[in-house]
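Biologist: I would like a close look at one part of this structure, followed by whatever else bears on reading it.

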Amino acid sequence: MARLTVEPIDVLVIGGGITGVSIARDAAMRGLRTALVEQSDLGYGTSSRSSRLIHGGLRYLEQGDLHLVFEASRERRVLLGIAPHLVRPLPFMFPVHQGDRLPLWKVAAGVWLYQLLSLFRNVRRPRILGKRALLRMEPMLRERGLVGGAMYYDAQCDDARLVVATARSAMAHGSLVANYVAVTALEQAGGKVTGARVLDRLSGETGLVLAKVVVNATGPWCDHIRRLEDANAPPLLRTTKGAHVLVPRQRVGHRAAITLTSPIDGRVMFVLPWGAFSYIGTTDTDTPEEPDEVRASPEDVTYLLRSANACFPNAHLSEDDVLGSWAGLRTLVAPPKDLPASEVSREHLIVAGPGGLLSIVGGKLTTCRLMAAQMVDRVIRELRARDGRPRPAAAPTEREPLPGGETKDWATFRHTGLELGLSGDTVEHLLSHYGTESAAIYNLIREDRALREALHHEHPAIEAEVVYVTRRELACRVEDVMVRRVHLYYETRHHGLAAAPRVAELMGRELGWEPERVTAEAEEYRKFCSES
Ligand code: FAD
């Protein structure tokens, strides 16, 4: 807070989802004095509740949106290159049954067009498979009515960790990043937005951040912030809910990711592998829920399980199999009629308010880097109009690896982890979460061997990670560690509650918490789990 409020900055970004952190990264790389504030934890909003795909968007082909698919396919390649530890190629099977909304010829044409739009630079070429070949690869698929299918490639990512890695890159380039700091009001002078009043939600401290340009990257909260500038601002957004459920993978028995059309309403949806788990998503329903309250409802769960059961008839998935669920709000852009057409994309939108507040809505995880570049171009136009500064060169965001993504060759890292006495599962877990930065975790273990201990008997995460994410990744609360850094919340029964007291203790050592605070933080996590 002290550093945020001490002197005016060029650009203040509100919102620490993937859009906000990507903007902060790009702006800082171009030499702008940048700060970002997030009201909760980094990635707390939509960006940790996605389908975790980095994809060209096969389904956009149905709408004829070839440009979108072309752009997103290119971005998939960029992200596979700059964050290979977090973004990984994933084979998909798209089975087709008699009577499905999409016949096999259309699916086949679609995957080839998809390949074409990636300029044949996708991981591998697609394949069209007959019934027998498909069943050999995915024996648990419904055989009755199966016509054949297609195999194609996309990528999967750890969405929450992608946000953290991007934020850390922004910080490495000089951006200030503060989580648990909320914007409560916009400062205005002469009809222009000149900064924001902020509240540190952990300490209760308040302050004023002065900024030449303020960017609103708050996703589904966007209209709330726009109304701080102009109480009568017409809404920009229409939101729909997308929910996912997580089940044990062996209950479904699939090998690749599965794309299917739901027999309930013909929507394209996915059954996706996640280590020993599978998640099924997503729904698409109108909801009156506020972004802070959005949850998977019993109806969402039923829809997802019924759709998956129709494709995998031996799975017999029921509510009892659901280990966890998450839901987020899609922000569908509903622009005011008088907006210039050049500013409108079907996917995302940048809008300037009457006082100069720049809002960005829509988009995808996949295209975050492009959206950020467009927004920073716009910010630079504003800054140049004010002070005539020279135009900085474009930021090398597509070339510079995110922290942890400096190599794809993990052999030495694997070897070192095993030498330290870590299990193979733990080493793989560390590499897929921290990439090359696993080396820092190994160093913690060298200093204190006790940090090799597992956090939870059902999970490969270890105690050293808690120390690391508290020191280096801005984790402030037990929930931050359990949900978005290490994922015990989703990947163990009972949300890893048994580990919460130890996590609080380790965080307390780092953050100087008194024993009462340690107990209270663990208790807060228990409450969070019982309410979610
Ligand atoms: P958010 O992640 O919601 O971030 C906004 C942030 O602003 C929040 O963290 C919030 O706490 C903060 N904030 C709000 N108010 C304030 C305030 N007053 N002060 C400070 N901070 C504030 N895209 C893909 O590419 N692949 C996918 O597989 C995919 N799947 C999806 C599945 C679902 C169900 C949904 C809903 C979306 C999916 N998307 C996917 C899209 C993608 O997840 C979103 O486009 C992206 O996460 C939006 O990020 P954001 O930063 O704009 O918003």
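Biologist: Is Leu 116 buried or exposed, or does it fall in between?

Modeller: This is a predicted model, in which local features need pLDDT of at least 70 and side-chain atom pairs count only at pLDDT 80 or more, while totals for chains, interfaces and linings use all residues. Residues are numbered from 1 along each chain as its sequence is written, and side-chain values use heavy atoms, with hydrogens and water left out.

Leu 116 is partly exposed, because its relative accessible area is 44%; buried means under 20%, exposed over 50%, and partly exposed in between, with a 1.4 Å probe and protein chains only. Leu 116 lies in helix α4, residues 104-117; helices are DSSP runs of H or I with at least four residues, strands are runs of E with at least two, and both are numbered from the N terminus.

On the surface, Leu 116 forms a nonpolar patch with Trp 112, Phe 120 and Ile 128. Together these residues have about 360 Å² of accessible area, a value from the Shrake-Rupley method with a 1.4 Å probe, where for residues only the protein chains shown count as cover. Patch members have over 30% relative accessible area and no salt bridge; nonpolar side chains (Val, Leu, Ile, Met, Phe, Trp, Tyr) are joined within 5 Å, and like charges within 9 Å. A salt bridge is a side-chain nitrogen of Lys or Arg within 4 Å of a carboxyl oxygen of Asp or Glu.

Leu 119 is found in the loop between α4 and β5 (127-130). Its phi is positive, about 55 degrees, although Leu 119 is not a glycine. Most residues other than glycine have a negative phi, and most peptide bonds are trans. Leu 119 counts as partly exposed because its relative accessibility is 46%.

His 495 also has a positive phi, near 55 degrees, and is not a glycine. His 495 is in the loop between α16 (488-491) and α17 (500-511), and this residue is buried because its relative accessible area is 16%.

The peptide bond from Gly 281 to Thr 282 is cis, with omega near 5 degrees. Thr 282 sits in the loop between β14 (277-281) and β15 (285-286).

As for the ligand, 37 residues surround it, and the closest are Thr 19, Glu 38, Thr 46, Ser 47 and Leu 53; a residue counts if one of its heavy atoms lies within 4 Å. A backbone N or O atom of Leu 53 is 2.7 Å from a nitrogen atom of the ligand. The protein covers 94% of the 1000 Å² of accessible area that the ligand has on its own.

Key
Polar contact = N/O pair within 3.5 Å; in protein donor to acceptor, adjacent residues only side chain to side chain.
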